[in-house]
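Colleague: I would like to learn how to read a structure step by step. Could we go through one together, with the general idea before each case?

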Amino acid sequence: MSAPRKLPRWADLGLLPLVSLAAALLVSCGVIALLGESPVQAMRLLVSGAFGSPEAVGYTLYYATNFIFTGLAVAVAYHAGLFNIGCEGQAYIGGLGTGLVCLGLGHLSFWLVLPAAVLAGAAFGGAWALIPAWLQARRGSHIVITTIMFNFIAAALMTYLLVNVLINPGQQSPETREFAAHAWMPAAGDLPGRLGAAFATSPLNLSFVLALAAAAALWVYVWRTRWGYELRVVGQNPAAAVYAGISPGRITVVAMVVSGALAGCLGLNELMGSQHRILIDFPSGAGFVGIAVALMGRNHPVGIVLAAVLFGALYQGGSQLTFDLPRINRDMVVVIQGLVILSCGALENLFRAPLARLFGRVDSK
Amino acid sequence: MSDGRPLPPALELRGIDKRFGAVHANRAISLAVARGSIHGLIGENGAGKSTVMNIVYGFHQADAGEILVQGRRVELRSPQAAIAAGIGMVHQHFMLVDNFTVLENVVLGVEDGPVLAGGLARARAALEQLGRDYGLDVPLDTVVSELSVGLQQRVEILKALHRGAEILILDEPTAVLTPQEADQLFRMLGRLRAQGKTVILVTHKLREIMAVTDRVTVMRQGAVVAEVATRDTSPRDLAEKMVGRAVLLTVEKGPARPGEVLLEVKRLAVCDDRGVPRIKGVSFALRAGEIIGLAGVAGNGQSELLEALAGIRAPSGGQILLRGTDLVGGAVDPRARRRLGLAHVPEDRLRRGVVAGFSAQANSILGYQDRAAYNRGLLADQAAILAGCERQMATYDVRPPNPRLRLTAFSGGNQQKLVIARELEADPQVLLVGQPTRGVDIGAIEFIHRQLVALRDAGKAVFLVSVELDEILGLADRILVIAGGEIVGELARADATEERLGLMMAGVKEAHA
């Protein structure tokens with residue numbers, strides 16, 4: 001019961017996640033050794049697969065872009081006291097908006113398509129989050145339940161649209177025709193000179209910059225405006241919010257729409273940047289990874305960007321691992337990711353207390 | 001008892017010392033509690049009362065010193081060890097499972113065998129016996145959440161007695177009780193004493209110490225500064241020992257000079273969350289330059305009235321006129337009411353008045369976050385917010401004066417000063433204030449009371465709701481008494497006595513002669 005010692009801020013934000021990450025990788029090494037592969041070689045492949053070449057870095061940052069958008073989406077809802085598990089569906093529907101703009105306006109100038117695609121993605125994703133938000137604000141339906149349900153509804157709706165309405169005629173797979181060239185997000189490979197050449201084969205594109213801009217904008221919104229202040233008051237003490245004249249219901253709706261809009265930007269990277277068409281299940285779990293990213297990044301934009309790069313690296317390095325080591329398959333990579341989430345999120349306090357004791361001992365000497 | 005030797009004290013502490021990091025929470029505490037007595041432990045918030053009691057209950061281990069129970073030295077390394085030594089504790093915040101019955105709560109942890117039914121039957125018999133012995137009647141099969149706070153506390157006492165407690169520690173037991181419930185508690189403690197149990201009462205309320213204890217130990221800054229027989233001391237004497245300097249227990253104020261009506265309430269009706277009418281047709285007028293005190297036993301509609309006036313709860317009927325503007329018909333929310341000059345210091349500070357996880361400066365703009373002074377275009381003006389909070393802290397003597405500290409790093413009194421600073425710095429015409437000194441230490445109470453009187457003298461109106469009669473009598477110029485959601489009487493301060501108010505609070509309407 002004695003009061004827990006406090007960690008210094010830098011250790012809390014920097015050292016603790018690293019210790020957690022190291023622990024997760026250590027356990028992963030044990031599992032890899034059990035499978036009969038060399039853990040040292042596996043780790044080396046994981047790192048070189050994620051960062052070993054410009055192409056690898058490009059892929060890592062490309063995946064990270066998705067996770068930044070969804071991580072920010074989860075974080076903004078969290079600050080309003082809401083747990084948005086529906087980023088997957090909001091990203092899916094948001095992608096529909098982006099895709100429709102690209103299909104409809106792709107023959108016009110890119111600089112016309114880009115703002116329209118961003119707005120449409122955000123609007124579609126925000127609208128998809130608005131319904132559960134409104135249901136919670138007005139009817140008290142719990143947002144965790146409704147957003148999960150809306151993931152399924154989004155999946156069913158998109159399957160229907162892609163199979164029956166948007167499918168490119170004369171083709172088997174349920175996907176649209178390719179976007180016209182003006183609706184393609186400028187890729188890192190298009191950059192002039194050696195930089196462009198280095199990234200030529202990776203899908204990294206302008207969306208990464210947009211994601212970083214979104215992170216910066218979110219920081220300003222949450223911590224430097226009166227609206228962000230009201231959001232955090234509702235998140236931390238709804239009764240005090242009512243006392244201050246802030247309507248929790250209104251904030252719930254606003255926060256969820258912002259959250260859905262951020263998730264809805266996933267299509268910029270995935271569709272405009274890489275696939276250049278709308279296809280079945282393109283978010284492929286990025287909405288759920290966003291929960292882990294937000295958790296690990298402490299719901300702060302800087303932390304989220306770093307955590308997103310880590311998860312991007314695990315994705316990219318993991319796929320390298322499955323190529324090169326026969327006994328390690330896709331599922332093993334998911335196990336490693338799961339261990340990282342478990343260690344950084346759920347077991348964070350496992351390391352906090354010993355680390356704090358260590359600091360206490362050093363301090364008192 | 002018959003061999004003539006003096007009995008050892010029920011509990012004796014010798015040289016208990018405890019540090020938490022840099023904080024020296026307990027300095028060489030020695031005290032002896034006689035068997036079959038009620039012993040008071042008094043001190044301001046942060047004086048170390050709770051720490052020393054947590055050491056006795058095995059939550060903390062002392063760095064030095066020893067504990068003797070009934071004359072035998074004991075090592076209390078856990079609450080289990082303390083219970084085994086016959087020590088029971090009733091915490092300020094009850095440790096009950098809300099959706100269990102009383103009986104289930106009492107046997108929780110001492111189920112007496114793997115089959116619940118047998119243990120429950122034995123426990124029921126034992127509890128009925130305890131109930132007869134001490135007059136502790138509690139409906140054993142009622143779910144705890146349906147009991148009043150006073151009865152829940154009784155369950156906690158039963159729990160301790162059922163576990164064989166000979167020494168009962170009560171930590172701020174009356175903080176959540178109505179005066180009547182507190183009186184019942186004290187009568188119960190008297191019966192426990194008569195049966196040879198030992199009671200330690202931890203409190204910061206002087207009146208309770210004077211009313212029930214045999215001896216009292218005063219703590220200040222982690223050390224025992226006095227131990228006296230209660231009959232040899234006085235509230236003023238104790239207060240000075242607690243604070244370390246002379247304290248004014250009463251506020252000096254001149255006569256009120258009431259001006260125009262600022263707030264007028266007409267036939268107001270308010271329901272609670274479950275739709276039960278709690279305010280039934282209340283009317284009054286509050287004038288500039290006066291303090292109206294609303295006296296009443298807690299739970300008679302004061303909270304609902306205050307919430308309705310502040311705009312937190314929608315009334316079901318009637319009118320609230322703030323300087324002529326109807327606040328009910330226009331459905332004016334708390335933010336708009338602040339703009340019209342109505343400020344509110346809520347009854348429950350931590351639940352409503354502040355955001356515990358925010359810094360002091362972030363709390364200093366709560367409710368005023370959209371004022372032009374705190375914003376520059378779209379962005380919040382960090383420098384202005386910081387400067388505003390520093391100014392508030394300086395004017396209202398908030399310690400430590402660091403706006404960046406988290407709110408929870410401040411004592412209850414300083415938190416309350418922050419809330420009052422925020423509301424008064426907005427220069428309101430009308431201030432609604434509920435329980436302004438709840439959980440606040442004596443030094444800060446004096447300061448807060450002076451601020452409220454100064455506001456009145458500046459020609460503003462104050463509506464004070466308090467369950468502390470002393471506070472009402474000390475501050476109010478006019479006193480309204482509420483009972484059962486109705487105003488049962490109004491007295492000028494000069495005509496009010498504790499006895500008269502007490503009768504009115506009990507719902508006895510006076511026939512005006």
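**Reading helices, chains and strands**

Modeller: Let us begin with a pair of helices: the crossing of H14(A) and H15(A) is right-handed, where a crossing is called left-handed if the near helix is turned anticlockwise from the far one by less than a right angle, and right-handed if clockwise. This is a predicted model, in which local features need pLDDT of at least 70 and side-chain atom pairs count only at pLDDT 80 or more, while totals for chains, interfaces and linings use all residues. Residues are numbered from 1 along each chain as its sequence is written, and chains are lettered from A and ligands numbered from 1 in the order in which they are written.

Colleague: At what angle do the axes of H14 and H15 of chain A cross?

Modeller: Helices (H or I, at least four residues) and strands (E, at least two) are DSSP runs, numbered from the N terminus. Axes are lines fitted to C-alpha atoms, for helices over the stretch in contact, and angles run from 0 to 180 degrees between N-to-C directions. Here the axes of H14 (residues 301-324) and H15 (residues 330-346) of chain A cross at roughly 145 degrees and come within 9 Å.

Colleague: Which residues of H14(A) and H15(A) meet?

Modeller: Two residues are in contact if their C-beta atoms, placed from the backbone, lie within 7 Å. On the H14(A) side they are A:Leu314, A:Gly318, A:Leu321 and A:Thr322, and these meet A:Arg330, A:Val333, A:Ile336, A:Gln337 and A:Val340 of H15(A).

Colleague: How many helices and strands does chain A have, and how should I judge its overall form?

Modeller: Chain A has 16 helices and 0 strands. The radius of gyration is taken over C-alpha atoms, and the globule rule is 2.2 Å times the number of residues to the power 0.38. For 365 residues a compact globule would have a value near 21 Å, so the 22 Å of chain A agrees. The C-alpha trace of chain A spans about 75 × 60 × 40 Å along its principal axes.

Colleague: How do strands E11 and E12 of chain B run?

Modeller: Two strands pair if DSSP finds at least two bridges between them. E11 (residues 261-271) and E12 (residues 277-287) of chain B run antiparallel and are joined by 8 bridges, with B:Leu268 having B:Val282 in E12(B) as its bridge partner. They form a hairpin with 5 residues between them, and B:Gly275 in the turn has a positive phi of about 85 degrees. E11(B) also pairs with E14 (residues 317-322) of chain B, in the antiparallel sense over 5 bridges.
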